[in-house]
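Look at the structure below.

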Amino acid sequence: MKSMEGIQHKTVSVNGINMHIAEKGEGPLILFIHGFPDLWYTWRHQINGLSALGYRALAPDLRGYGGTDAPDCVADYTCFHVVGDLIALLDTEAPPDKEDKVFVVGHDWGAIIAWFLCLFRPDRVKALFNLSAPFIPCDPRFKPVETLEVLLGKDYYIVRFQEPGEIEAEFAEISLRRAVLELLSYRIPDPLYLPKGNLFGHPLDCPVNLPPWLSDQDADYYANQFQETGITATGNY
């Protein structure tokens with residue numbers, strides 16, 4: 001796989017868990033934070049491109065994803081835990097006495113984590129580039145899930161992920177592989193809805209129509225990773 005050439009992999013101990021990271025290059029560090037249902041692999045092209053320009057590109061699998069440990073308790077997936085993982089990673093890979101601040105790039109749920117990282121530890125961030133998820137200040141008057149259900153309905157994917165085991169069972173009915181590829185191929189410019197009995201709003205008796213940016217080889221990588229780990233931990237976010 002050409003896009004994987006030269007990318008180094010290792011596991012580091014951070015914040016009480018073992019975290020898988022992928023990296024390439026030397027120079028100022030860029031920390032890439034993936035979303036859902038993604039992996040370090042989401043950043044493979046950026047890792048190659050930016051390492052060639054003189055940066056050290058580093059992309060972890062977040063807790064619960066890919067090669068990183070997945071704690072069993074949903075309470076272990078707060079913003080404090082995930083940001084704590086990333087700060088511990090930076091302390092290991094870019095100690096403050098050598099590189100006090102790094103560039104951060106986030107996408108989707110990774111962008112939300114990146115916002116929290118900047119709020120909690122601005123002393124470690126040189127600059128931020130986020131995709132998909134704007135900054136939304138916390139408002140104690142509103143509970144996020146209840147507010148999303150009022151605004152977007154009970155079929156909105158975050159609302160559907162609240163009952164333990166329910167979405168996992170529905171994904172299993174169509175196969176977790178299919179569910180992951182459907183999520184990665186979702187191209188409707190609307191919120192993601194997962195109605196019961198009609199998860200992705202179209203017949204599921206034909207192959208997933210992959211987007212042009214996702215090859216069969218890419219699809220296999222994602223599907224194999226999630227088939228091995230399951231999807232419960234990623235839903236804990």
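Beyond its neighbours within four places in sequence, Arg160 is in contact (heavy atoms within 4.5 Å) with Lys154, Asp155, Glu166, Ile167, Glu170, Leu194, Pro195, Lys196 and Leu199. Arg160 belongs to helix H5, residues 157-160. Helices (H or I, at least four residues) and strands (E, at least two) are DSSP runs, numbered from the N terminus. Arg160 has a relative accessibility of 4%, so it counts as buried. Buried means under 20% relative accessible area, exposed over 50%, and partly exposed in between, with a 1.4 Å probe and protein chains only. A polar atom of the Arg160 side chain lies 2.6 Å from the backbone oxygen of Leu194.

A word on the basis. This is a predicted model, in which local features need pLDDT of at least 70 and side-chain atom pairs count only at pLDDT 80 or more, while totals for chains, interfaces and linings use all residues. Residues are numbered from 1 along each chain as its sequence is written, and side-chain values use heavy atoms, with hydrogens and water left out.

Now the sheet. Six strands form an open sheet with mixed pairing, in the order S1-S2-S4-S3-S5-S6. Two strands pair if DSSP finds at least two bridges between them. Strand S1 (8-14) and strand S6 (125-131) stand at the edges with a single partner strand each, so one side of each has no neighbour in the sheet. From one strand to the next, the twist averages 25°. Axes here are lines fitted to C-alpha atoms, for helices over the stretch in contact, and angles run from 0 to 180 degrees between N-to-C directions. Strand S2 (residues 17-24) and S4 run antiparallel and are joined by four bridges. Ala22 has Ala59 in S4 as its bridge partner. Helix H2 packs on this sheet and touches S1, S2, strand S3 (29-33), S4 and strand S5 (102-107). The direction of H2 makes about 115° with that of S1.

A salt bridge is a side-chain nitrogen of Lys or Arg within 4 Å of a carboxyl oxygen of Asp or Glu. The structure holds 15 of them. In one, Arg56 pairs with Glu93, with the closest N and O atoms 2.6 Å apart. This pair links distant parts of the chain: Arg56 is in strand S4 (residues 56-60) and Glu93 in helix H2 (residues 79-93), 37 residues apart. Arg56 and Glu93 are both buried. Lys10 and Glu23 join Arg56 and Glu93 in a network of salt bridges.

Asp85 bridges to Arg63, with the closest N and O atoms 2.7 Å apart. Asp85 is in helix H2, and Arg63 is in the loop between S4 and H2, 22 residues away. Asp85 and Arg63 are buried too.

Another salt bridge joins two helices. Asp220 and Arg177 have their closest N and O atoms 2.5 Å apart. Asp220 is in helix H8 (residues 216-229) and Arg177 in helix H7 (residues 176-184), 43 residues apart. Asp220 counts as partly exposed because its relative accessibility is 34%. Arg177 is partly exposed as well, at 27%.

How many disulfides are there? The count is zero, a disulfide being a pair of cysteine sulfur atoms within 2.5 Å. For Cys79, the nearest cysteine sulfur is that of Cys138, 7.3 Å away. Cys79 is partly exposed, with a relative accessible area of 22%.

Conventions
Polar contact = N/O pair within 3.5 Å; in protein donor to acceptor, adjacent residues only side chain to side chain.
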